[in-house]
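Please read them with the structure open.

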Amino acid sequence: MTVEDGDTVNIDYVGSVDGEEFSGGNTNGAGTDLVIGSGSYIDDFEDQLIGAHPGDTVEVTVTFPEDYGVEELNGKEAVFTVTVNGIYE
């Protein structure tokens, strides 16, 4: 199976800015469901998972909006190491 637009995926991720993990940017292995194409994550986070397979680890790079609302993240580029746990149609 391959992640496609509209799929629900279960992912884990660890986010970092300038190589440092930031508060709230980690699923701590608990897994979270995400609908690809829903726009519920910032920028093109979801698009970068298209084509991945369960078990894959994908480096997703995004830039937080200037008005994100968290001082240490506003306007910053972040890298999320994302593990695709599963795909549900």
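1. Contact here means heavy atoms within 4.5 Å. Among contacts in the protein chain between residues at least 6 apart in sequence, 54% join residues at least 24 apart.

2. On provenance: this is a predicted model, in which local features need pLDDT of at least 70 and side-chain atom pairs count only at pLDDT 80 or more, while totals for chains, interfaces and linings use all residues. Residues are numbered from 1 along each chain as its sequence is written, and side-chain values use heavy atoms, with hydrogens and water left out.

3. Secondary structure. The protein chain has zero helices and five strands, giving the pattern β-β-β-β-β along the sequence. Both terms refer to DSSP runs numbered from the N terminus: helices are H or I with at least four residues, strands are E with at least two.

4. Overall dimensions. Along the principal axes, the C-alpha atoms fill a box of roughly 40 × 20 × 15 Å.

5. Surface. The protein chain exposes about 5000 Å², and carbon and sulfur atoms supply 42% of this area. Accessible areas come from the Shrake-Rupley method with a 1.4 Å probe; for residues, only the protein chains shown count as cover. Of the 89 residues, 36% count as buried. Buried means under 20% relative accessible area, exposed over 50%, and partly exposed in between (1.4 Å probe, protein chains only).

6. The largest pocket. About 180 Å³ of space lies in it. A pocket is found on a 1 Å grid over the protein atoms alone, as an open set of points where a 1.4 Å probe fits, with protein on both sides within 12 Å along at least five of seven lines; lining residues have an atom within 4 Å of a point. Grid points are joined across faces, edges and corners, and the volume is the space filled by probe spheres set on the points.

7. Its lining. The largest pocket is lined by 13 residues, with Y13, G24, F64, Y68 and F80 nearest its centre. Strand 2 (residues 20-26) gives the largest share of the lining, four residues. By class, nine lining residues are nonpolar, four are polar and none is charged. Ala, Val, Leu, Ile, Met, Phe, Trp, Tyr, Cys and Pro count as nonpolar, Asp, Glu, Lys and Arg as charged, and the others, Gly among them, as polar.

8. A78 sits in strand 5 (residues 77-88) and is buried at a relative accessible area of 0%. Leaving out residues up to four places away in sequence, A78 touches S16, V17, F22, V60, T61, V62 and F64. T61 is 17 residues from A78 in sequence, and their C-alpha atoms are 5.8 Å apart. N10, in strand 1 (residues 8-17), counts as buried at 16% relative accessibility. Beyond four places in sequence, the contacts of N10 include G31, T32, D33, T83 and Y88.

9. N28 lies in the loop between strand 2 and strand 3 (32-35) and is exposed, with a relative accessible area of 65%.
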